[in-house]
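User: I should like to study this structure through a series of questions. Please show it first.

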There are 8 protein chains.
Amino acid sequence: MSADLRGLDGPTVRADVARGARTGEPEVVYAAGKTPAQTLTAVRALLEGGVAPVLVTRAEAEHLAVVADAYPQAAVHAEAGMLVLAPLAPLDDRLAGRVVVVTAGTSDLTVATECAVTLEALGERPTVLADVGVAGLHRVLDVRDTLAAADVVVVVAGMEAALGPVVAGLVAAPVVAVPTSVGYGAAQDGMTALHGLLSACTPGIAVVNVDNGLGAALLARRIVRAGDRRHGGWE
Amino acid sequence: MSADLRGLDGPTVRADVARGARTGEPEVVYAAGKTPAQTLTAVRALLEGGVAPVLVTRAEAEHLAVVADAYPQAAVHAEAGMLVLAPLAPLDDRLAGRVVVVTAGTSDLTVATECAVTLEALGERPTVLADVGVAGLHRVLDVRDTLAAADVVVVVAGMEAALGPVVAGLVAAPVVAVPTSVGYGAAQDGMTALHGLLSACTPGIAVVNVDNGLGAALLARRIVRAGDRRHGGWE
Amino acid sequence: MSADLRGLDGPTVRADVARGARTGEPEVVYAAGKTPAQTLTAVRALLEGGVAPVLVTRAEAEHLAVVADAYPQAAVHAEAGMLVLAPLAPLDDRLAGRVVVVTAGTSDLTVATECAVTLEALGERPTVLADVGVAGLHRVLDVRDTLAAADVVVVVAGMEAALGPVVAGLVAAPVVAVPTSVGYGAAQDGMTALHGLLSACTPGIAVVNVDNGLGAALLARRIVRAGDRRHGGWE
Amino acid sequence: MSADLRGLDGPTVRADVARGARTGEPEVVYAAGKTPAQTLTAVRALLEGGVAPVLVTRAEAEHLAVVADAYPQAAVHAEAGMLVLAPLAPLDDRLAGRVVVVTAGTSDLTVATECAVTLEALGERPTVLADVGVAGLHRVLDVRDTLAAADVVVVVAGMEAALGPVVAGLVAAPVVAVPTSVGYGAAQDGMTALHGLLSACTPGIAVVNVDNGLGAALLARRIVRAGDRRHGGWE
Amino acid sequence: MSADLRGLDGPTVRADVARGARTGEPEVVYAAGKTPAQTLTAVRALLEGGVAPVLVTRAEAEHLAVVADAYPQAAVHAEAGMLVLAPLAPLDDRLAGRVVVVTAGTSDLTVATECAVTLEALGERPTVLADVGVAGLHRVLDVRDTLAAADVVVVVAGMEAALGPVVAGLVAAPVVAVPTSVGYGAAQDGMTALHGLLSACTPGIAVVNVDNGLGAALLARRIVRAGDRRHGGWE
Amino acid sequence: MSADLRGLDGPTVRADVARGARTGEPEVVYAAGKTPAQTLTAVRALLEGGVAPVLVTRAEAEHLAVVADAYPQAAVHAEAGMLVLAPLAPLDDRLAGRVVVVTAGTSDLTVATECAVTLEALGERPTVLADVGVAGLHRVLDVRDTLAAADVVVVVAGMEAALGPVVAGLVAAPVVAVPTSVGYGAAQDGMTALHGLLSACTPGIAVVNVDNGLGAALLARRIVRAGDRRHGGWE
Amino acid sequence: MSADLRGLDGPTVRADVARGARTGEPEVVYAAGKTPAQTLTAVRALLEGGVAPVLVTRAEAEHLAVVADAYPQAAVHAEAGMLVLAPLAPLDDRLAGRVVVVTAGTSDLTVATECAVTLEALGERPTVLADVGVAGLHRVLDVRDTLAAADVVVVVAGMEAALGPVVAGLVAAPVVAVPTSVGYGAAQDGMTALHGLLSACTPGIAVVNVDNGLGAALLARRIVRAGDRRHGGWE
Amino acid sequence: MSADLRGLDGPTVRADVARGARTGEPEVVYAAGKTPAQTLTAVRALLEGGVAPVLVTRAEAEHLAVVADAYPQAAVHAEAGMLVLAPLAPLDDRLAGRVVVVTAGTSDLTVATECAVTLEALGERPTVLADVGVAGLHRVLDVRDTLAAADVVVVVAGMEAALGPVVAGLVAAPVVAVPTSVGYGAAQDGMTALHGLLSACTPGIAVVNVDNGLGAALLARRIVRAGDRRHGGWE
């Protein structure tokens with residue numbers, strides 16, 4: 001095509017250094033809708049632009065293989081369709097936010113892993129608590145103290161997502177809720193969980209998109225870092 | 001109109017005695033979409049047909065006034081848009097089903113009342129527990145024993161309706177769940193609560209239509225009476 | 001991933017003995033969203049925890065093969081994507097609930113089978129009546145006596161699901177209605193059947209999620225057992 | 001406004017004589033969204049253009065009053081929001097189509113009346129059977145012979161509209177189904193009835209819009225007249 | 001499974017001779033959701049029960065192959081997923097209904113073929129006019145006389161389905177409209193066409209489900225036969 | 001409230017002169033959701049800021065009265081809920097865009113008027129053709145030449161909005177389509193018209209929001225002025 | 001009614017002191033669905049229980065009047081349907097969170113006010129920036145520094161809510177986004193804004209329910225206080 | 001099938017020369033829903049009818065291969081599922097419309113390419129600017145001058161599509177907005193972007209269907225050519 005695809009030779013693969021500096025967020029290559037080759041090109045450009053960390057998300061096995069082949073040091077999380085390059089060094093205990101990621105069922109673990117891997121790539125040290133469904137309320141009560149000690153709780157839940165309002169009623173911290181597409185029929189691919197979390201009368205719930213573990217991580221990190229900025233950091 | 005409105009002179013106001021005998025259910029005059037005069041005509045026909053009890057539901061003040069004027073003995077429940085005539089005698093303690101009606105918020109009380117009034121008109125003796133929201137989980141735990149002792153629990157909840165799966169996880173009895181239209185925005189007039197209750201992974205939840213307190217009562221009664229039929233009644 | 005996946009080494013595969021004891025329900029491993037290996041791990045943990053029965057649902061052939069390979073005694077119901085281990089002994093005639101599962105079409109049989117297999121695993125002895133569509137009303141009338149004698153009727157119907165309200169008008173027992181995803185276009189993958197069953201004016205219908213044969217079985221069993229609890233069991 | 005509202009002085013109120021001649025349909029003034037004065041202007045133009053009959057539908061009391069004031073001979077059907085002028089002479093017994101209009105509940109009568117009044121204005125002689133709900137199947141069976149003798153059956157039903165497929169299974173004639181907005185919650189203002197009727201597996205159902213009694217009448221008449229055209233009329 | 005699958009040995013494959021006699025409709029085996037073997041079993045039972053014609057619809061290649069292998073005389077219409085056995089003899093010119101099936105685009109031809117094949121199997125002799133989209137209005141005007149001469153017009157159209165109201169304004173006959181799933185995005189798999197056809201102000205449109213060519217054929221035939229019944233047939 | 005409502009004393013009522021200069025668009029005060037007093041304040045600020053023209057839209061009678069009281073020179077279009085101040089001088093014949101606004105029914109005239117009044121306030125001289133429904137195709141053909149001569153055609157249509165694709169097939173000019181909320185049931189408050197217009201296969205249709213006559217006018221004007229800019233104006 | 005409304009004499013109006021202590025949130029009386037008398041009863045119980053602050057939201061004029069009559073010291077915010085009693089003392093400059101509430105249009109101010117009033121009642125000192133729509137991008141750029149200095153930014157926007165992702169790209173702080181019901185047609189009462197905000201690729205957006213200014217305030221406060229807890233407070 | 005498929009032998013593959021002459025649009029063969037052979041037949045008929053250019057869209061690799069095999073001169077754009085035959089000669093600089101196609105992300109490039117290829121086939125010379133997302137507002141500001149100089153701007157954006165209203169606020173030209181299906185969950189396959197663009201308060205946005213790059217191109221061309229017609233062309 002002779003159309004002037006000006007963007008393709010420049011901005012597409014150019015690291016958006018300005019935004020990174022401004023918001024402290026990593027560059028993420030969203031692989032869905034890209035070919036493996038396009039994915040690799042984008043990753044390469046970011047790394048060569050000095051961006052760190054670089055995350056690839058929503059990747060099929062083929063995307064992961066092509067990138068890992070070029071960058072053997074990549075940490076591949078195939079079960080979550082992710083790959084991490086140039087991760088930040090882990091923060092020490094005092095600096096790392098106490099982010100607890102809790103899931104309602106084992107089927108929600110893929111999304112929770114996307115969230116946890118992202119946080120780790122940024123140096124945070126999340127804790128994951130799996131399979132804490134409200135059908136067995138004692139499971140929730142069992143981890144109550146861990147939840148209460150968190151700076152931010154990320155709740156990952158599909159179906160009716162009742163875990164979200166239950167947890168938000170137990171803690172004083174902000175709750176980031178990730179509805180998942182786990183379920184069928186009336187669950188409507190996660191839209192019922194999404195709308196339920198938004199309708200909950202328990203205050204303090206911040207909702208992100210269905211299955212958006214990445215977004216939950218970045219929001220949780222903004223929340224943790226907001227406290228640091230406000231208090232002048234930890235010198 | 002000269003069209004042969006054959007139905008209007010007959011079946012419309014004729015007590016469906018056959019179905020009553022068959023299913024044990026009362027005749028209900030659904031006032032929405034009827035004029036007060038039509039409502040009164042229907043009530044009169046049922047009473048003259050020997051039907052008992054007769055319930056009027058979804059009635060505006062005008063409907064209630066017209067019927068109560070003609071039948072001063074009517075029990076009017078204006079806050080629930082209901083009216084009861086010819087109620088059955090209360091069952092004794094052993095016979096009456098232990099039906100516990102529990103609501104998530106005070107705004108759900110209208111629907112819970114429709115449910116409780118219907119059960120009482122049929123001789124049952126329901127217990128109503130109001131304002132047991134999951135935002136304060138201790139409220140749920142406080143009534144845990146009452147819930148566990150019920151033959152049937154009716155959960156009335158709007159917004160995200162998380163109370164439904166939480167209660168269903170605490171009891172062995174069937175849970176009849178009534179989503180309500182309490183809420184706004186993503187609550188979508190009760191449809192989110194409806195879909196959430198249907199999507200819940202906790203087993204044992206029987207869902208009825210939004211705000212359908214009447215239907216919940218009739219279903220709860222069928223459940224209680226099914227046990228009696230099976231065991232040959234109480235001699 | 002170095003995140004502390006605390007839940008994965010514990011609660012995920014730990015039998016929730018407490019809830020089982022409380023509600024009398026079996027443990028179910030929902031295979032959709034789990035790998036075959038995860039499925040097997042969950043099954044093993046439940047069996048080793050002494051849980052009985054153990055059901056696997058929504059399983060692909062691969063899940064079934066992996067589990068059946070490890071547990072040759074498993075009863076595989078491939079057409080319903082199910083597998084049963086450690087079933088309860090069949091109840092005797094007097095104890096078993098008279099649960100009649102009736103379907104509108106042969107395409108609904110998969111869901112009806114999920115329901116019937118679950119009831120059998122719990123010792124109940126369900127009866128299945130297939131292909132009783134309202135398009136041929138005589139088919140419904142032909143089985144009228146069988147329906148009327150049931151403790152609980154489970155109606156499995158897709159498309160417009162008119163069988164639900166028709167059956168509920170013929171019997172005094174509670175009707176558990178399972179909308180199915182049979183149909184196309186305006187049937188909207190079962191949501192039209194779901195909403196239709198919830199909108200029906202015939203009272204006594206308990207609706208569960210689309211294609212949720214398992215949930216219908218567990219609800220039906222709660223209803224049957226509620227009667228036993230109420231009457232103090234059978235001597 | 002100085003814009004050239006050319007259409008307003010001409011086509012708006014000009015009888016579309018051509019289409020009437022072509023399709024045999026009356027001119028209908030849809031009052032919703034028109035002022036009473038606009039309604040009267042449209043009626044006057046049609047009558048002066050020699051059109052017959054002229055129907056006004058979806059009219060508020062004010063519309064009806066303004067038109068009836070100008071044309072005292074108008075037949076007003078306030079309960080259906082309709083008004084008829086210049087009705088055609090009734091057809092004799094042999095010519096008139098045997099159209100049976102059957103409703104599921106009394107709340108559906110407004111729509112059924114819109115249908116029946118329209119048919120009568122065109123000279124047909126419809127029969128209306130009210131309150132034939134499937135909750136009491138014997139009511140349907142009681143009118144089975146009347147239904148079977150019809151040239152066309154119009155079924156008017158809200159909520160889950162199960163009456164449509166039940167009737168279509170009992171007759172060989174085409175069934176025109178009018179979903180109504182009777183119901184609440186999951187009935188979604190008639191959309192559930194609409195989608196259910198379209199999803200029914202019983203063949204032979206022609207669906208029109210929610211509450212569209214007028215459209216059902218015109219469709220029923222096209223069906224009756226198609227037979228006449230085909231057979232060369234009645235000599 | 002030891003459950004008493006009583007229905008499976010009887011009604012499932014038993015020809016519903018009663019309904020056929022009552023409504024004059026063929027037996028249709030809907031293959032979607034059935035295995036090829038189940039499909040063949042159903043076909044065999046119908047043929048052995050003396051039913052004619054027998055149609056198989058919504059069949060994959062595998063279903064068609066299995067049935068055609070057992071019944072080499074079957075007429076296979078692979079492009080429409082159909083198979084016909086024991087077709088009725090073609091009616092003579094005077095008896096056959098003049099049914100014109102018109103499509104908006106070539107992508108709608110699959111559905112139009114399902115309609116036409118069904119009509120032919122019943123002895124009717126439909127005419128198909130393809131690719132008569134409103135984008136080129138002259139195409140519609142070109143076939144205007146053919147449309148005007150029809151007893152029934154079947155319009156098959158996807159996307160916005162504007163052809164439906166345009167045709168209904170040109171003819172006096174009933175128009176059976178079949179929305180199709182042709183289109184994308186806002187076309188919402190045919191639901192926009194469906195709702196548009198139901199909303200059209202042109203009277204005389206009978207809507208059936210998305211892609212339901214079979215249903216359109218059976219409805220069209222009921223309309224044609226209603227005229228015959230009314231006029232006492234053709235001596 | 002002591003919160004620093006900084007925005008309220010400044011930007012809220014400050015004419016956005018920059019955007020006006022940039023895009024050539026008038027400032028519009030959208031009255032819905034504003035009190036009459038807020039509306040007047042906004043109007044005053046704009047006029048004092050030298051903005052022209054100033055339009056008030058979606059206004060109730062009360063809003064119009066308060067503004068007209070303060071500015072007697074205002075041109076009030078009550079039937080369209082509009083008010084115009086400081087209109088631009090009419091362009092001469094050669095400069096004014098040939099914009100033809102065509103409506104499907106008289107009920108669509110409110111929206112067409114909003115469009116035409118806006119264009120006139122900007123100096124354009126639109127032509128309005130009312131009641132050109134596709135049910136009477138000759139009405140469309142009658143105005144074919146007027147449509148073909150337009151620079152831009154604005155189609156205003158509710159229900160199924162078939163007029164949009166029909167007109168777009170007749171002209172070479174861009175068609176701006178405004179779906180309206182005229183209709184009921186399946187028309188879904190204009191959403192069916194909206195989705196139908198977007199799904200139409202006829203190319204050249206630019207869709208704006210339901211009932212958005214204002215937006216259609218501004219888009220039409222951008223189209224006309226784009227030609228002027230491109231050709232260097234008219235001198 | 002003789003049903004045991006146990007909940008009504010106790011938990012309904014009993015201050016949930018436990019949850020307040022646990023989460024630091026005020027008690028809010030949601031007036032929609034309550035009578036003025038019920039509202040006053042709830043307020044009185046909370047105040048007598050020593051709760052502070054007490055907020056009434058979604059109140060009609062009548063609710064506000066009844067409560068203000070009993071408690072003349074109440075701060076009434078009629079334009080936001082709110083009332084505040086027993087507000088907390090304002091925090092000093094260092095302690096108060098820098099929460100900036102920014103609205104896209106003046107019609108969004110009601111919701112922004114609900115948010116700001118709630119924050120003030122809790123001692124925070126929010127800044128409100130009104131009318132910062134993306135249609136005039138310079139308005140956004142003008143307040144860029146104020147936004148960048150915030151601990152939390154609350155974006156209140158209806159229609160397409162593009163302000164949310166634009167602001168989230170400009171700041172490093174968490175953005176709480178409140179979609180509003182401002183708009184019509186395709187805006188779908190705020191659901192389009194809601195879904196758009198959830199779909200935005202800009203990270204760091206926490207979405208709450210449509211028009212939920214209260215929820216945004218409580219979430220913003222949890223975020224601010226999380227930082228304090230983490231850093232051990234301010235001395 | 002013996003049905004008279006009259007349309008298939010004629011109009012289906014006959015070039016609609018009349019419409020092409022009337023609207024200046026190319027003939028497009030929409031391959032989705034056609035077999036490769038049907039696609040080739042349609043292409044051949046158009047070329048033999050003298051139509052130019054001929055475009056094939058929404059084609060799978062197989063469609064493209066079959067056509068390219070028969071016509072080696074075809075320009076294949078596999079990444080956009082397109083193929084061009086008989087393109088028009090490029091217009092010279094003065095004549096070609098300045099159409100700028102701008103995308104929010106690289107995932108939107110497929111749709112942008114469909115748009116640009118179509119414009120080029122018609123002789124226009126579009127400019128494509130990729131990856132101009134609002135998350136990095138500077139990217140938008142960087143291309144501001146290019147945007148401002150355009151005759152028409154085509155915005156291609158998925159997810160929340162905020163780029164549309166932002167661009168429309170920066171330019172005076174008409175903006176053609178193409179929502180894309182890029183995104184997941186609340187993005188609802190592009191419907192959220194679609195509804196958001198229609199709800200935007202920035203005026204001047206013409207919306208086309210989801211992923212409809214072709215339609216955007218044809219609309220953009222109509223806009224450019226409208227200016228030429230109006231000004232009498234370029235002599």
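User: How many residue pairs are in polar contact across the interface of chain E and chain D?

Analyst: A polar contact is a pair of N or O atoms within 3.5 Å; within protein, one must be able to donate a hydrogen and the other to accept it, and residues adjacent in sequence count only if both atoms are side-chain atoms. Across the interface of chain E and chain D, with both residues at pLDDT 80 or more, the number of such residue pairs is 23.

User: Which element gives the largest share of the side of chain E that touches chain D?

Analyst: Helices (H or I, at least four residues) and strands (E, at least two) are DSSP runs, numbered from the N terminus. Those giving two or more residues to this side of chain E are α1 (17-23), α6 (144-148), α8 (191-199), β10 (205-207) and α9 (213-230). The largest share, eleven residues, comes from α9(E).

User: What kind of model is this, and how are its parts numbered?

Analyst: Residues are numbered from 1 along each chain as its sequence is written, and chains are lettered from A and ligands numbered from 1 in the order in which they are written. Side-chain values use heavy atoms, with hydrogens and water left out, local features need pLDDT of at least 70, side-chain atom pairs count only at pLDDT 80 or more, and totals for chains, interfaces and linings use all residues, since this is a predicted model.

User: What area is buried between chain E and chain D?

Analyst: The size of an interface is often given as the accessible area lost when the parts come together. Buried area is the accessible area (1.4 Å probe) that two parts lose on being put together, summed over both. Carbon and sulfur atoms give 54% of the area between chain E and chain D, which is about 3700 Å².

User: Which residue of chain D forms a salt bridge with E:Arg230?

Analyst: A salt bridge is a side-chain nitrogen of Lys or Arg within 4 Å of a carboxyl oxygen of Asp or Glu. The rule finds four salt bridges across the interface of chain E and chain D. In the one formed by E:Arg230, the closest N and O atoms are 3.1 Å apart, and the partner is D:Asp151.

User: Is B:Glu124 buried or exposed?

Analyst: Buried means under 20% relative accessible area, exposed over 50%, and partly exposed in between (1.4 Å probe, protein chains only). B:Glu124 forms a salt bridge with B:Arg225, itself buried with a relative accessible area of 19%. At 3% relative accessibility, B:Glu124 counts as buried.

User: How many residues apart in sequence are the parts tied together by F:Glu124 and F:Arg221?

Analyst: The side chains of F:Glu124 and F:Arg221 meet in a salt bridge (3.6 Å, N to O). F:Glu124 lies in the loop between α4 (109-121) and β7 (127-129) of chain F and F:Arg221 in helix α9 of chain F, so the pair ties together parts whose separation in residues is 97.

User: How far apart are the end C-alpha atoms of helix α9 of chain F?

Analyst: The expected span of a helix is 1.5 Å times one less than its number of residues. The 19 residues of α9(F) (residues 213-231) should therefore span 27 Å, which agrees with the distance between the end C-alpha atoms, 28 Å.

User: Which side chain does H:Glu25 meet in a polar contact?

Analyst: H:Glu25 is found in the loop between α1 (17-23) and β2 (27-30) of chain H. At 8% relative accessibility, H:Glu25 counts as buried. Its side chain makes a polar contact at 2.8 Å with the side chain of H:Arg222.
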